[in-house]
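Reader: I would like to learn how to read a helical model. Where do we begin?

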Amino acid sequence: MKNVIKTSMVILTVISGFHGFGQINDPSDKESRHMQYMVEEEKLAKDVYTYFGDKYGSRPFMNIQESEQRHMNMMIQMLERNNVSYNLSEKPGVFYNAELQELYNNLIAQGNTSELDAYKVGKVIEETDISDLEVALKNTKDVTNINIYKNLLRASESHLQAFNRQLSRY
């Protein structure tokens with residue numbers, strides 16, 4: 001866990017060195033709400049992948065859950081950098097956003113039927129994340145936030161490819 005946090009810190013330090021990360025941004029209410037949503041969306045992905053990794057012992061879920069933790073850490077640092085308050089439960093599968101709580105419950109139910117269905121859930125999560133990150137990119141002018149969202153977008157595209165590879169084997 002410490003290595004994951006250290007890696008995220010190094011990534012953010014590198015990004016900040018080039019783009020004024022230390023400067024405080026004054027995000028709009030819309031942008032602030034989106035950041036708050038995105039941190040919980042990253043938690044949802046991590047929690048779902050952790051659950052399915054434990055249930056099926058599947059390497060893609062285990063590997064991607066670690067990446068989702070790094071994404072959460074990046075979003076937390078973005079929120080803190082922008083002085084945006086947020087709520088994030090430490091309990092797996094617990095969300096403050098009611099829509100994300102319902103989505104989590106539905107995705108777990110869908111993926112519980114088979115490993116194939118769990119991979120389909122992973123695909124849905126990544127497609128949703130990509131769409132939400134594209135919206136976030138359109139709604140910020142802050143260079144550091146843009147760079148972080150772009151990095152998260154590339155990672156989600158990679159995760160989507162991993163789930164598509166697994167699905168192609170069935």
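Author: Begin with burial. Buried means under 20% relative accessible area, exposed over 50%, partly exposed in between (1.4 Å probe, protein chains only). Of the chain's 170 residues, 49% count as buried. This is a predicted model: local features need pLDDT of at least 70, side-chain atom pairs count only at pLDDT 80 or more, and totals for chains, interfaces and linings use all residues. Residues are numbered from 1 along each chain as its sequence is written, and side-chain values use heavy atoms, without hydrogens and water.

Reader: How many helices and strands are in the chain?

Author: Both are DSSP runs, numbered from the N terminus: helices are H or I, at least four residues, and strands E, at least two. Here there are 6 helices and 0 strands.

Reader: At what angle do H2 and H5 pack?

Author: Axes are lines fitted to C-alpha atoms, for helices over the stretch in contact; angles run from 0 to 180 degrees between N-to-C directions. H2 (residues 29–56) and H5 (residues 115–138) pack at about 165°, axes 11 Å apart. Angles over 145 degrees count as roughly antiparallel. H2 and H5 are therefore roughly antiparallel.

Reader: Which residues in H2 and H5 meet?

Author: Contact means heavy atoms within 4.5 Å. Among those in H2 are His-34, Tyr-37, Leu-44 and Phe-52; H5 contributes residues including Ala-118, Ile-125, Asp-129 and Leu-133. The residues of this contact divide into 14 nonpolar, 3 polar and 6 charged. Ala, Val, Leu, Ile, Met, Phe, Trp, Tyr, Cys and Pro count as nonpolar, Asp, Glu, Lys and Arg as charged, the others, Gly among them, as polar.

Key:
Parallel < 35°, antiparallel > 145°, perpendicular 65-115°, else oblique.
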